[in-house]
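Welcome! Please take a moment to look over the sequence and the model before reading on.

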Amino acid sequence: SYCPGGASPLKSCAAGSSAEGAGKTLCTPCLAGRYAAVDAGSCLKCTSGHYCTEGTSTPQPCPAGTYVLAEGATLCIQCQPGSYSKGEGATACLSCTAGSYSSSPRSTACTSCSAGTFSPADKTISCSPCDRGTYAPEDQSTFCTPCGAG
């Protein structure tokens, strides 16, 4: 609430703004990274997994494929190739496990290596083909098996 002076009683600040400090004669928009509901006493830090633009009343969840760990964020960070976040509001990206990969930033899932290819480590950006004399008969292989004699 703020007090405009004169004959007016206390008035509520609009969502996304607050009247802070001594006197409280004016509502001001919350800075980026902060938010306030209608008639909030003060602007609050945006919560983890969310971002806040200037003058917002509600933290916005980071879209799938992005994340933010810290409070007070003004934007979300994209997941790097080899990692992903599948839902909104992520506070971290998850690594693709061995046998899978993601080649693009902002991935929302990992792709399994197809038969004949493999990925031996976590956080891989592509699968490698099996060398001559080896094979991987199933999807999501983490290694290639030497061919038998014959």
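The report below starts with the whole chain and then turns to its cysteines and one serine.

## How to read the model

This is a predicted model, in which local features need pLDDT of at least 70 and side-chain atom pairs count only at pLDDT 80 or more, while totals for chains, interfaces and linings use all residues. Residues are numbered from 1 along each chain as its sequence is written, and side-chain values use heavy atoms, with hydrogens and water left out.

## The whole protein

Let us begin with the overall picture. The protein has 16 strands and zero helices; both are DSSP runs numbered from the N terminus, with at least four residues for helices (H or I) and at least two for strands (E). Of its 150 residues, 29% are buried. Here buried means under 20% relative accessible area, exposed means over 50%, and partly exposed lies in between (1.4 Å probe, protein chains only).

The accessible surface comes to about 8,600 Å², and carbon and sulfur atoms hold 53% of that. Such areas come from the Shrake-Rupley method with a 1.4 Å probe, and for residues only the protein chains shown count as cover. Among contacts (heavy atoms within 4.5 Å) with a separation of 6 or more, 31% are between residues 24 or more positions apart.

## The disulfides

A disulfide is a covalent bond between the sulfur atoms of two cysteines. In this model, a disulfide is counted when a pair of cysteine sulfur atoms lies within 2.5 Å, and a search of the whole structure finds eight. One of them joins Cys46 and Cys52, with sulfur atoms 2.3 Å apart. This link is right-handed, with 80 degrees about the S-S bond, and both Cys46 and Cys52 are buried.

Another disulfide joins Cys79 to Cys93, at 2.0 Å from S to S. Its torsion about the S-S bond is about -90 degrees, so the disulfide is left-handed. The pair links distant parts of the chain, 14 residues apart: Cys79 is in the loop between β8 (77-78) and β9 (83-84), and Cys93 is in the loop between β9 and β10 (94-95). Cys79 counts as buried because its relative accessibility is 0%, whereas Cys93, at 22%, counts as partly exposed.

A further disulfide connects Cys113 with Cys127, at 1.9 Å from S to S. The link is left-handed, with -80 degrees about the S-S bond. Cys113 sits in the loop between β12 (111-112) and β13 (117-118) and Cys127 in the loop between β13 and β14 (128-129), so the pair ties together parts that are 14 residues apart in sequence. Both Cys113 and Cys127 are buried.

## A cysteine without a partner

Cys147 is in no disulfide, and the nearest cysteine sulfur, that of Cys130, is 8.8 Å away. Cys147 lies in the segment after β16 and is partly exposed, because its relative accessible area is 44%.

Leaving aside neighbours within four places in sequence, Cys147 is in contact with Gly133, Thr134 and Tyr135. The C-alpha atoms of Cys147 and Ala136, eleven residues apart along the chain, are separated by 9.8 Å.

## A serine in a loop

Is Ser141 buried or exposed? Ser141 is buried, because its relative accessible area is 11%. This serine is found in the loop between β15 (134-135) and β16 (145-146).

The side chain of Ser141 reaches the backbone oxygen of Glu138 at 2.8 Å. Beyond the neighbours within four places in sequence, Ser141 is in contact with Gly99, Thr117, Phe118, Ser119 and Ala136.

Definitions and conventions
Polar contact = N/O pair within 3.5 Å; in protein donor to acceptor, adjacent residues only side chain to side chain.
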